[in-house]
Amino acid sequence: MNKIIEQAKMLENEMVSYRRELHSNPEVGAILPKTKAFVMDKLREFGYDPKEICESGIVATIEGSEPGKTFLLRADMDALPVKEEAECDFKSTNGSMHACGHDMHTAMLLGAAKLLKQNQDQIKGTVKLVFQPDEEGFTGAKKMLKAGVLKNPDVDAAMAMHVHSGTPSNLVLCGLGTNIAGCTCFRIVVKGTGCHGAMPELGVDPINIAAHIYTSLQEIITREISATKPAVVTIGKFVGGEAPNIIPEEVIMEGTIRSLDKETGAFIFNRINDIAVATAKAFRGEAELIEISSAPPLINNVDLAKEIASNLKGLLGERSVVVFESSGMGSEDFSSYSYEIPSVYLMLGAGTKQENPLYGESMHNPKVVFNENILVTGAAVHAYSAITWLKNNQ
């Protein structure tokens, strides 16, 4: 099966062109009309019959020469509301950017779709290709699961892969167990009574209330969560007022909770609510906590992860695949799949500054640049993982 690498190399220019087309035309959120049309057109060109699921989600299947289980491969397609500052001929100019590499993911899975067609006689069962919107908003996976993406045919195992800036190109990272944090995005609406700044006694200052809430939130982490349990609360948005001499009616705060288990995340959310409501009441105002979106911690099925990693060592070489047990505090909505079926989430190194000074910026950075040479590895990893798993689990 190592011929898949050679076949993938033959598709490199095609995948680069896919990636650059997607990169130049990024779309954000759950509605991706141009991206959806592009991906579906390519799949039809390859001989698939893609179906739309939810708004802008795509599913296509390929059956092999023999009946068997079903293996799902997933790529996300949405971009970020980030103005691109990277230097490249195909940079985005519409105010959005594929700063998290989802254009790379989509191009790699399109390449894998073509590789699977070329090796259809090797497939012992069915491969289901899933192209998903709104990973960044944490709604895409949940909507597609609710719409039945794991049905018709029923999926037995799933895999996704994410490019990883700052890691050596083509190095595959595979975590065991819980290795990516859950995340809850929240909003606190603080209401007061507006008045003139010269007469604050006539109003209720929501900025003052919000400031007290803000400084109190870290007490949850430092005094209510064990130091052995990783968790973090971040407020990234704090908006209130329009004039320097007017106390406003309302302040909006938005932030995230990240933790490595659901229970800790739920505890923190409830405590934020307690603190916000009680603090506002103490200062004669009101506060409301709203959950915007969430993704649970991601769990890599240990047996599946070890099996996939072992297979990939045979494809890429022993030193090209690293298996680890530590955890990071980033989040990913593929995690929702991991509570439904055995799942594995891989990371693929996309370049370091030692390789190229342009590489290695953090994900979501407006200057991030990914090494396009890894598209070959990504496509081969997808196709090979599906084919070998189905063959070994008949």
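This is a predicted model: local features need pLDDT of at least 70, side-chain atom pairs count only at pLDDT 80 or more; totals for chains, interfaces and linings use all residues.
I started with a pair of helices: the axes of α2 (residues 12–24) and α9 (residues 374–392) come within 9 Å and cross at roughly 100 degrees. Axes here are lines fitted to C-alpha atoms, for helices over the stretch in contact, and angles run from 0 to 180 degrees between N-to-C directions. Helices (H or I, at least four residues) and strands (E, at least two) are DSSP runs, numbered from the N terminus. α2 and α9 are therefore roughly perpendicular to each other.

I then looked up who makes the contact (heavy atoms within 4.5 Å). On α2 I found Glu12, Met15, Val16 and Arg19, and on α9 Leu375, Val376 and Ala379. I sorted the residues of this contact into five nonpolar, no polar and two charged. The sorting rule: Ala, Val, Leu, Ile, Met, Phe, Trp, Tyr, Cys and Pro are nonpolar, Asp, Glu, Lys and Arg are charged, and the others, Gly among them, are polar.

Residues are numbered from 1 along each chain as its sequence is written, and side-chain values use heavy atoms, with hydrogens and water left out.

**The eight-stranded sheet**

Which order do the eight strands take? I read β1-β2-β4-β3-β5-β16-β6-β15, an open sheet with mixed pairing. Two strands pair if DSSP finds at least two bridges between them. The edge strands are β1 (51–53) and β15 (321–324), each pairing on one side only. From one strand to the next, the twist averages 25 degrees.

I went through some of the pairs next. β2 and β4 pair in the antiparallel sense over six bridges, and alanine 60 has leucine 129 in β4 as its bridge partner. β3 and β4 pair in the parallel sense over nine bridges, with alanine 75 opposite phenylalanine 131 in β4. β3 (residues 66–76) also runs parallel to β5 (residues 157–164), joined to that strand by four bridges; there, arginine 74 has alanine 160 as its bridge partner. β5 and β16 pair in the parallel sense too, over seven bridges, and methionine 161 is partnered by leucine 346 in β16.

How many residues of β4 are buried? I got nine of the nine, so β4 is largely enclosed by the rest of the structure. Buried means under 20% relative accessible area, exposed over 50%, and partly exposed in between (1.4 Å probe, protein chains only). For β5, seven of the eight residues are buried, so that strand is largely enclosed as well.

α4 (residues 102–118) lies across β2 (57–63), β3, β4 (124–132), β5 and β16 (343–349), at about 160 degrees to β3. α9, from my opening entry, lies across β3, β4, β5, β6 (172–175) and β16, at about 150 degrees to β3.

**The four-stranded sheet**

Another open sheet has four strands in the order β10-β12-β8-β13, with antiparallel pairing. β10 (231–240) and β13 (286–295) stand at the edges with a single partner strand each, so one side of each is left without a neighbour in the sheet. The twist averages 20 degrees from one strand to the next. I counted ten bridges between β8 (residues 182–191) and β12 (residues 250–259), which run antiparallel. Isoleucine 188 stands opposite methionine 253 in β12.

α6 (residues 206–223) packs on the sheet, touching β8, β10, β12 and β13, and its direction makes about 170 degrees with that of β10. α7 touches β8, β10, β12 and β13 as well, and its direction makes about 160 degrees with that of β13.

**One residue up close**

I finished with threonine 279, found in α7 (residues 262–282). Is threonine 279 buried or exposed? Buried, with a relative accessible area of 14%. A polar atom of its side chain lies 2.6 Å from the backbone oxygen of isoleucine 275. Leaving out residues up to four places away in sequence, threonine 279 touches Ile209, His212 and Ile213.

Technical notes:
Angles under 35 degrees count as roughly parallel, over 145 as roughly antiparallel, 65 to 115 as roughly perpendicular and the rest as oblique. A polar contact is a pair of N or O atoms within 3.5 Å; within protein, one must be able to donate a hydrogen and the other to accept it, and residues adjacent in sequence count only if both atoms are side-chain atoms.
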